[in-house]
Amino acid sequence: MGKAKEEEEVVFLRKKITLVRAFSLLIGTMVGSGIFISPKGVLKNSGNVGVSLIVWFACGILSMFGALCYAELGTRITKSGGHYIYILETLGPLPSFLYLWAEYFAIGPANSAVLSLAFGNYILEPFFAPCAAPLPAVKLAALLGYYIVLILNSWSVSWSARLQNVLSVIKLLAFVLIIVPGMMLLAQGHTENFQDAFSSQLLTLDKMPLAFYAGMFAYSGWFQTSFVQEELVRPERNNPLAVIMSVVTVIVGYMLTNVSYYTVLTAEDVLASQAVAVSFAQKAFQRLISVIPILVALSCFGTMNGGIFAFSRTLFVASREGQWPPLFSMIHIRRHTPLPAVILMFPLVTAMVCIGDIYHLLNFFSFSRWLFIGLATLGLIIHRYRHPELPRPFKVPLFIPVCFTIVCLFAVGMSFYSDPVYVSTGCALVLSGFPVYFLVISRPIPDCCRTTFHYLTLKLQVLLEVVRQEIKTY
């Protein structure tokens, strides 16, 4: 009876994510703050309007290739955990730990800091327009928004999920409010901003990797189903269908959005703007000048919420695999929130928001992100070669993972020339994980240290529960 009871009480991930839910998850994570942040970065590093539109389309095709590779990986490796679990299963524990190290110190915190700063810019823009919002006020608003998301994810999974559903609708509304007016003006013959779209005067081929970083940031989210692989219904069918439908939808939407931007704004306007959507509203429709910034700010808020979920899920899986302290695999027994994993980023995000800016932070963490995504698709090629006997419910042509891997690693290598300071900092941070791995992870931890750590973890859990009960009492 005792054994049967234990089996009944085992917590596991149930298969509840259908095709429609997977499509909604991908659309909700891809369509977000990126399309309101990245246009300036893409244009600045590509040099002209025509090349920037080509970069946007190429980033969409590249995202499709990556999504298809991850769909095949998902049918071969049916564990949750995203990039981490794919690298672990295909390339081994050292590369997967280096990804985990980079995720904690660079990718996760810097990504949240970028979204927080975008939230601060857009939420304050209506109050200071036509002038730019003061930088200290932007950073303060950014931290406030991030802390609200952090508290929400620590307090209740259900509240966080409901908020995410509402914010997904708001994202699409902001999307529509930019596309429709822009297409109406284009239909009326406003094409003057597309004259000399391919002018070579400002063409900057040496900065092209940074343009791809900015564009791929806007599309990031196509890998989101890899974090919930164990919860997908019929993953061999629904995962490929969801990624194909969602990425095609987002490519069309992003191209229309950028055409709308350039129909209303000149290239100089985009480069001078701190908030492209606000500048668009100022020139297109004065009535939307206060609506669009707030909708965009809320969409950044929603993307932050989803990012914290993915980050905490990665640490949860890594703890389960034995490469991260067991503390971070613990969830609250009633609230089901991974509190230790959620609050882990708090000090790093705070520091990055205080000292960084959007585009330098974007270059800083994009190096690590695309290095390890490229390694994950390289792992798919190696896994095919090593295990030809495994069933393949879904298989992409070989040229797709080969092209995606080459482009990712080439962009990563070229970015050292484009932005040597921030990219080298990101590289050094990844390399710093080597001694940690060989000193801590590859060696067995002494029993006395393991027992002490588990004891302290238990005490911390008891302390947190006591504090929670005290707060509830008051």
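Trainee: Anything to know before we start?
Mentor: This is a predicted model, where local features need pLDDT of at least 70, side-chain atom pairs count only at pLDDT 80 or more, and totals for chains, interfaces and linings use all residues. Residues are numbered from 1 along each chain as its sequence is written, and side-chain values use heavy atoms, with hydrogens and water left out.

Trainee: How many helices and strands are there?
Mentor: The protein has 20 helices and zero strands; these are DSSP runs numbered from the N terminus, with helices being H or I of at least four residues and strands E of at least two.

Trainee: And what percentage of the residues is buried?
Mentor: Of the 474 residues, 54% are buried, meaning under 20% relative accessible area with a 1.4 Å probe, protein chains only.

Trainee: Now H6 and H19, at what angle do they pack?
Mentor: H6 (residues 93–128) and H19 (residues 433–441) pack at about 120 degrees, their axes 10 Å apart. Axes are lines fitted to C-alpha atoms over the stretch in contact, and angles run from 0 to 180 degrees between N-to-C directions.

Trainee: What do we call that arrangement?
Mentor: H6 and H19 are therefore oblique to each other, since angles under 35 degrees count as roughly parallel, over 145 as roughly antiparallel, 65 to 115 as roughly perpendicular and the rest as oblique.

Trainee: Which residues meet there?
Mentor: From H6, Pro93, Leu94, Phe97, Leu98 and Trp101 meet Gly433, Phe434, Val436, Tyr437, Phe438 and Ile441 of H19. Contact means heavy atoms within 4.5 Å.

Trainee: New topic: how many residues are in the largest nonpolar core?
Mentor: That core has 132 residues, and Phe36, Tyr122, Trp222, Trp370 and Phe372 have the most contacts inside it. A nonpolar core is a set of buried Ala, Val, Leu, Ile, Met, Phe, Trp, Tyr and Cys residues joined through side-chain atoms within 4.5 Å.

Trainee: What does Phe372 touch?
Mentor: Not counting residues up to four places away in sequence, Phe372 touches Ile87, Pro95, Leu98, Tyr99, Ala102 and Val430.

Trainee: Last one: why does Thr257 count as buried?
Mentor: Thr257 counts as buried because its relative accessibility is 0%. Thr257 sits in helix H10 (residues 235–264), and leaving aside neighbours within four places in sequence, Thr257 is in contact with Ile35, Phe175, Ile178 and Ile179.

Technical notes: Buried < 20%, exposed > 50% of the residue type's maximum accessible area, 1.4 Å probe, protein only.
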